[in-house]
Amino acid sequence: MTATRPILYDSHMHTPLCKHATGEPERYAQTALDRGLAGIVITCHNPLPDRISHAVRMAPEQWDEYVDMVDRARDAYAGRVDVRLGIEADYMPGLEPFLEKQLADDRLHHVLGSIHPFLGVWWERFASDPLAKQRAYFDQLAYVAETGLFDTLSHPDLVKNTTADHWDLDRIMPDICRALDRIARTDTAMELNTSGLQKVIPEFNPGAAILEEIRQRDIPIVLGSDSHVPQRVGDQFVEALDLLASLGFDSVSFFLERTRQTVTIDDARRSLATVQET
Ligand SMILES: [Zn+2]
Ligand SMILES: [Zn+2]
């Protein structure tokens with residue numbers, strides 16, 4: 001078997017600054033090294049104004065501390081794992097001016113746009129109407145892509161886990177397809193988030209049927225583990241690549257300097273396997 005150098009990045013993971021993740025970025029980099037990844041993008045939860053959900057994210061005044069923390073890991077792993085600075089930015093209606101300013105920081109390599117449908121007053125409106133919540137989620141997801149503020153939509157069917165008892169894919173698919181049509185007209189990629197296996201509905205976010213619709217529209221896919229512990233970096237990436245290949249995808253993407261890079265699934269798969277199968 002010919003050795004293949006690492007080429008793939010894990011583009012979604014956290015730091016202790018969000019108060020619900022453990023391990024310094026150096027430990028995430030070490031797992032990446034062990035699993036044959038070329039690099040990682042640290043994407044902790046962004047600070048928001050007015051102490052919105054401050055219990056699960058860094059404070060605005062910790063931004064520099066965050067940048068320094070990622071810099072430290074980048075220096076420590078230089079030449080072994082490429083450690084980059086990114087952010088997972090929550091979208092909520094009305095935050096556009098705030099996010100525009102925050103996300104203009106030119107040190108960022110990858111910006112995830114996230115809707116966490118359990119956060120924020122906007123979602124309280126749908127507490128008693130799960131179907132309306134699902135519809136609003138996918139409509140908003142398309143809007144998030146249309147803002148042009150984000151590189152990648154993270155875990156883009158997360159609402160299934162917050163309305164699991166009412167998740168009927170056939171019923172919601174027309175809404176999803178309408179959203180995907182809109183997303184396909186933007187430059188925004190979508191994430192295949194492997195942490196979904198640990199959630200209420202234990203499958204990737206998004207699941208295979210939605211991934212199939214994404215492929216039909218040629219929307220780029222970015223792989224993320226959404227690690228909140230170091231040992232999950234690159235978790236289930238081989239399985240994710242195999243699933244994508246079985247659906248007819250031939251490449252995956254990641255962002256460096258806010259610019260999309262693409263590698264073939266065959267090359268990515270081989271680069272991981274040389275480490276994991278020896
Ligand atoms: Zn988190
Ligand atoms: Zn995340």
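A residue is called buried here when its relative accessible area is under 20%, exposed when over 50%, and partly exposed in between, using a 1.4 Å probe on protein chains only. By that rule His45 is buried, with a relative accessible area of 6%.

Welcome to this predicted model, in which local features need pLDDT of at least 70, side-chain atom pairs count only at pLDDT 80 or more, and totals for chains, interfaces and linings use all residues. Residues are numbered from 1 along each chain as its sequence is written, chains are lettered from A and ligands numbered from 1 in the order in which they are written, and side-chain values use heavy atoms, with hydrogens and water left out. Helices (H or I, at least four residues) and strands (E, at least two) are DSSP runs, numbered from the N terminus.

- Donors are N, O and S atoms within 2.8 Å of the metal (3.2 Å for Na, K and Ca), and sites may look incomplete because water is not among the atoms.
- Distant parts of the chain are linked by His45, in the loop between β2 and α2, and His228, in the loop between β7 (221-224) and α9 (237-246); the two are 183 residues apart.

**Zinc ion (ligand 2)**

- The zinc ion (ligand 2) sits 4.7 Å from the zinc ion (ligand 1).
- Its protein donors are His12 (NE2), His14 (NE2), Glu88 (OE) and Asp226 (OD), at 1.9 to 2.2 Å.
- Their spacing along the chain reads H-x1-H-x73-E-x137-D.
- The arrangement is irregular because the 4 donor atoms subtend angles of 85 to 176° around the zinc ion (ligand 2).
- For reference, four donors count as tetrahedral if all angles lie between 85 and 135 degrees; four count as square planar and six as octahedral if opposite donors are over 155 degrees apart and all others between 65 and 115; anything else is irregular.

**Cavity**

- A cavity is a set of points, on a 1 Å grid over the protein atoms alone, where a 1.4 Å probe fits but cannot get out; lining residues have an atom within 4 Å of a point.
- Grid points are joined across faces, edges and corners, and a volume is the space filled by probe spheres set on the points.
- The count comes to 1 cavity of 30 Å³ or more, and the largest cavity holds about 30 Å³ of space.
- Its lining includes Phe138, Leu141, Pro156 and Met190.
- α5 (130-146) and α7 (169-184) are the elements giving two or more residues to this lining, and α7 supplies the largest share, 4 residues.

**Backbone features**

- Most residues other than glycine have a negative phi, and most peptide bonds are trans.
- Ser53, not a glycine, has a positive phi of about 40°; its place is in the loop between β2 (39-42) and α2 (63-76).
- Ser53 counts as partly exposed because its relative accessibility is 22%.
- Glu257 also has a positive phi, of about 50°, and lies in the loop between β8 (251-256) and β9 (259-264).
- Glu257 is exposed, with a relative accessible area of 57%.
- Asn205 and Pro206 are joined by a cis peptide bond with omega of about -5°, and Pro206 is in the loop between β6 (189-193) and α8 (208-216).

Definitions and conventions: On a 1 Å grid over the protein atoms alone, a cavity is a set of points where a 1.4 Å probe fits but cannot get out, and a pocket is an open set with protein on both sides within 12 Å along at least five of seven lines; lining residues have an atom within 4 Å of a point.
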